[in-house]
Amino acid sequence: RRGWAARASYSPLDESLTLVGDPRVVDGGTTVTADSIRLLRGGIEKSGGEMFAAGNVKTTYSELTAQPNGALLATSDPVHVTARAMNALQSSGLAPYTGGARLWQGSNLVEGQTIDFDQKARTIAAQGDLKRPVSSVFLQVDGKGKSSTMLVTAPKLDYSDSQREARYSGGVTAKSEDGVMTAGRADVFLNPAGTLHTPGPSQLDHMVASTHVLVQQQERRAEGEKLVYQASSGTYVMTGGAPMLSDLVNGTVRGDSLTFFSRDDRVVVEGGDSSRAVTHTHV
C-alpha cells in the first residue's frame, strides 16, 4: 500500500495517518482518490487495514480476472465507484460507499444512496428510498435479434455475480418500450457474459415479480400476485390473487393463469374446476 498527498498528519493516539491535498492511495490493483483519506495503522496490523475517504471519492478496481459465467461484474474491465464517502476494510475486500454512490463496469451501471461492494465475492448491496431509488439498466434481445433496454428501480438491490441474480425489493418499477411493471419485489436473472454477442449492458433472461403486480401496456392492464416474464419471447405469465387483464376495447378476462404477449394481442386464459375462466366483452 502506497500513498501520496500534499500534506500528511500522524496521530499516535489512534495510530491514524490523514492525507489531504489531492491524496491518492494505491493498494495492489485498487486506487482511491478523495478530498481526504484517513488510514488506521492499528487496523492494518490487526484487521488487515482500514481506510476512510471523504469528499469526491473515486475508487478504481483494476487487475480483475474475467468471469465468463458472471454478468454485471463479469469482465476484466476496471470497476469504478464514486460517492461522497467510503470506508474500506482491506482484509475482507468489502467497501461501503455512502452519499450518491455510482458503480459501473463497462456499460453496466448501478446507482444508489449507498452501495456496499465486495470485490472478492463480486456482490453489490445498494440502498435508496422511494424518492431516490436504486437504478440499473438491462438489455433485452428478442427471438429476432431486436434489442431494447429495461430500467429497473427499487429502494433496495442485492446482486450476486456468481448467481447472475439481482433482487429488488421495497417497491419495484421496471420500464421498457413495451410498458411499465410495478410490484413489491422482483428477481432479475441475467444471461452469462460469455454467451453474449451484442455489446452493451448485461442481458436480461427472465424476471420473476411478486406482491401486487401490475403491468400497464398502452390500453392493456394486467394485475395479479406473481408474474414471470421471459425477455426473448416477450411472454408474460400472471398468476395468483385472481389475475385479471383488462382492455378498453376488448373487455376484461379473469382466470387462474393469464398468458399474454408484448408483441401482439394474444391472451391465453386458464381456469380450474373451482375457478372458471371468465371473459367480459364490449359489444
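Take contacts in this chain, meaning heavy atoms within 4.5 Å, and keep those between residues at least 6 apart in sequence: 42% of them join residues at least 24 apart. The model is predicted, with local features needing pLDDT of at least 70, side-chain atom pairs counting only at pLDDT 80 or more, and totals for chains, interfaces and linings using all residues. Residues are numbered from 1 along each chain as its sequence is written, and side-chain values use heavy atoms, with hydrogens and water left out.

So what is the chain built from? It has one helix and 24 strands, where helices (H or I, at least four residues) and strands (E, at least two) are DSSP runs numbered from the N terminus. Along the principal axes, the C-alpha atoms fill a box of roughly 85 × 35 × 30 Å. Of the 283 residues, 42% are buried; buried means under 20% relative accessible area, exposed over 50%, and partly exposed in between, with a 1.4 Å probe and protein chains only.

Now for the core. In soluble globular proteins, nonpolar side chains tend to be buried together. The largest nonpolar core here has 59 residues, and Tyr 97, Ile 124, Tyr 168 and Met 181 have the most contacts inside it. A core in this sense is a set of buried Ala, Val, Leu, Ile, Met, Phe, Trp, Tyr and Cys residues joined through side-chain atoms within 4.5 Å. Ile 124 is worth a look: beyond its neighbours within four places in sequence, its contacts include Leu 73, Leu 103, Val 110, Phe 117 and Tyr 159.

Next along is Ala 125, in strand β11 (residues 123–127). Ala 125 counts as partly exposed because its relative accessibility is 28%. Neighbours within four places aside, Ala 125 is in contact with Thr 114, Ile 115, Asp 116, Leu 157 and Asp 158. Between Ala 125 and Ala 83 there are 42 residues in sequence and 14 Å in space, C-alpha to C-alpha. Thr 82 is buried, because its relative accessible area is 19%. Not counting residues up to four places away, Thr 82 touches Val 57, Lys 58, Gly 100, Ala 101, Arg 102 and Trp 104.

Most residues other than glycine have a negative phi, and most peptide bonds are trans. Arg 122, not a glycine, has a positive phi of about 55°. Arg 122 is in the loop between β10 (108–118) and β11, and counts as buried because its relative accessibility is 11%. Thr 211 also has a positive phi, near 75°. Thr 211 lies in strand β17 and counts as partly exposed, because its relative accessibility is 36%.

That brings us to the partners of β17. Strand β16 (residues 179–190) and strand β17 (residues 204–217) pair in the antiparallel sense over nine bridges; pairing requires that DSSP find at least two bridges between two strands. Here Val 188 stands opposite Met 207 in β17. β17 also pairs with strand β18 (residues 220–230), in the antiparallel sense, over 10 bridges, and Val 213 has Gly 224 in β18 as its bridge partner. β17 and β18 form a hairpin with two residues between them, and Gln 218 in the turn has a positive phi of about 50°.

Grid points are joined across faces, edges and corners, and a volume is the space filled by probe spheres set on the points.

The largest pocket has a volume of about 380 Å³. Of its 17 lining residues, Gln 217, Arg 220, Asp 247, Asp 264 and Asp 265 are closest to its centre. Strand β21 gives the largest share of that lining, three residues.

There are two cavities of 30 Å³ or more. The largest holds about 60 Å³, and its lining includes Met 181, Met 207 and Gln 217.

Key: 1 Å grid on protein atoms, 1.4 Å probe; cavity = no way out; pocket = protein on both sides within 12 Å on 5 of 7 lines; lining within 4 Å.
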